[in-house]
Amino acid sequence: MKKIALTLSFLMIFCAFVVNLSACSNNKENITEYQIECSLQDNILSGKQTVTFYNDTELAFNELKFNLFANAFRENAKFTPISSQHTYKAYPNGLDYGNIQIQKVSIDDKDVDFSIGGVDQNILIVPLETEVFPNERVSVYIEYTLKLANVIARTGYNSNTINLANFYPILCGIDEHGFYECVYYSTGDPFYSDVASYSVTFSCDQKYVVASSGHQQSRQVKDGVSTSVYYLSCARDFTLVLSQDFCVETDLSTGVEINYYYYDDKEPKTSLKFAVQAINLFSQKFGEYPYQTLAVVQTQFVQGGMEFPALVMISDDLEGQSYGEVIVHETAHQWWQSAVGNNEVEFGFLDEGLAEYSVVMFYENYPEYSFTRQDLIKSSENTYKVFCSVYDKVFHSVNTVMIRSLKDFTSEYEYVNIAYIKPCIMFDSLRTTIGEERFFNSLKRYYKEYKFKNATPDHLVGAFEKCGADANGFFESFFSGKVIL
């Protein structure tokens, strides 16, 4: 029986590898690879990684640039991930700080004279002896130490969980100008990256239950230390969440392994149901779910939730219908951001607007929750009108332009209305204008054409135009702020 079990285990791991790899190879014959080994002890993470960068662009590079998001948690950082309105909640035990220290960088076993740059010590710059031209590769080895802050955020430890998002040096996303350096603004999601494959070996005290973006391929426990190997392909980043108190509910009915990790939920099956229904609906409406697994993770978080490829964080502050709604919204991000990516610093409304409208579609298709499409859109319109009225009274003007950088938003309140609420109204208005068939065919086309790529507003408009919708003027009026709601 042991031999049979081992054989079956090997076949499952091999099939998982093939499924993940083939899902990405339809779009990219070659892909950047991360091999990460890291261990966590006493809120200090020691890591080493080999990043094999594949240049699938038309540019040539004489250096590589990596985002160091964890450095935003250090003392005296110019840009903090925590806004002033969330500081008290995010630091319940008082201000605390973390950082990431790069100990070594090498290429072909030769140490590299790297530097830390960017506007806020947020970029690792690795010079290359030889330029990397299109369709060429280069492998970079990096050793680092991450000190976690006691903070309720994407990265940090708190009383219930350890959140390990953005914990490693990650290649900056590439646009037409080269590497795009992200600044960790407190408003929105200041991220931009390209897809890659991940093989992650993670070790920690065996007392922790670990939720992961990747599919677990193996786990060993020795001398009280648990070591697991995870694999994930076509992902924009890799995330882990740990807790001593996690319970797990699992559903396999969709063909996707959906695991719900929680420590304070009296109705876990109900919470899991939201994710199951969302996976079913969005797979029908947009296209096949892009990964093999989904981890829905209850954690301490200062906002409602946060999306990552194959893993979503849900704040334990929420309850009831709000909790389920956030699960649906973050699950929708698996299509709109994890699969169809975009520069969230410059075009945050692209993924947030579609995720928010996906929530409207969810309730429209599951009437047992007693929300109608009409009521939800009416509520969004009222919310948006109140925002415009407040800003007009306070500032004597309101900026409703949708295409703008995170740095240009005056508040989180403004960002939510422009990046979530207004595009939600926009998509519903467009759907009414061009009809059901053309609307959903356009979304399916957008998903199919830009799955595992990074899209821009022009790409979104183009997908609708290609499906016969005269949508350019419609979108432009919303994007520019000319439309009056």
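Let's start with charge: the protein carries 37 positive and 61 negative side chains, and the centres of these two sets lie 3 Å apart. Keep in mind that this is a predicted model.

**The overall build**

What does the chain fold into? The protein has ten helices and 25 strands. Its C-alpha atoms fill a box of roughly 60 × 55 × 50 Å, taken along the principal axes.

Among the contacts with a separation of 6 or more, 69% are between residues 24 or more positions apart. As for the surface, the protein exposes about 21,000 Å², and carbon and sulfur atoms supply 48% of that area.

**Going inside**

Of the 485 residues, 56% count as buried. In soluble globular proteins, nonpolar side chains tend to be buried together. Here, the largest nonpolar core has 164 residues. Which of its members touch the most others? They are Leu-164, Tyr-198, Phe-202 and Phe-475.

Glu-414 sits in helix H7, which runs over residues 412-434. Its relative accessibility is 2%, so Glu-414 counts as buried, the cut-off being under 20%. What is Glu-414 in contact with, beyond its neighbours within four places in sequence? The partners are Phe-387, Tyr-391, Asn-399, Arg-404, Asp-408 and Phe-409.

Most residues other than glycine have a negative phi. You'll find Gln-121 in the loop between strand S6 (115-117) and strand S7 (123-132). Asn-166 also has a positive phi without being glycine, with a value near 55°. Its spot is the loop between strand S10 (162-164) and strand S11 (170-171).

Buried or exposed: where does Asn-166 fall? Asn-166 has 7% relative accessibility, so it counts as buried. Gln-121 is partly exposed, because its relative accessible area of 44% lies between the 20% and 50% cut-offs.

**Out at the surface**

Now look at two residues that sit side by side in sequence. Lys-222 is in strand S16, while Asp-223 is in the loop between strand S16 (215-222) and strand S17 (225-235). Lys-222 has 62% relative accessibility and counts as exposed. Asp-223 is exposed too, with a relative accessible area of 74%.

Each can be paired with a residue from earlier in the chain:

| Pair | Apart in sequence | C-alpha to C-alpha |
|---|---|---|
| Lys-222 and Gln-206 | 16 residues | 8.7 Å |
| Asp-223 and Asp-205 | 18 residues | 9.3 Å |

Methods:
Residues numbered from 1 in each chain as written. Predicted model: local features only at pLDDT ≥ 70, side-chain atom pairs only at ≥ 80, totals over all residues. Heavy atoms only, no water. Core = buried A, V, L, I, M, F, W, Y, C linked by side-chain atoms within 4.5 Å. Buried < 20%, exposed > 50% of the residue type's maximum accessible area, 1.4 Å probe, protein only. Helix = DSSP H or I, 4+ residues; strand = E, 2+ residues; numbered from the N terminus. Contact = heavy atoms within 4.5 Å. Areas by Shrake-Rupley, 256 points an atom, 1.4 Å probe, with all protein chains shown as cover. Lys, Arg positive; Asp, Glu negative; His and termini not counted. Charge placed at Lys NZ, Arg CZ, Asp CG, Glu CD.
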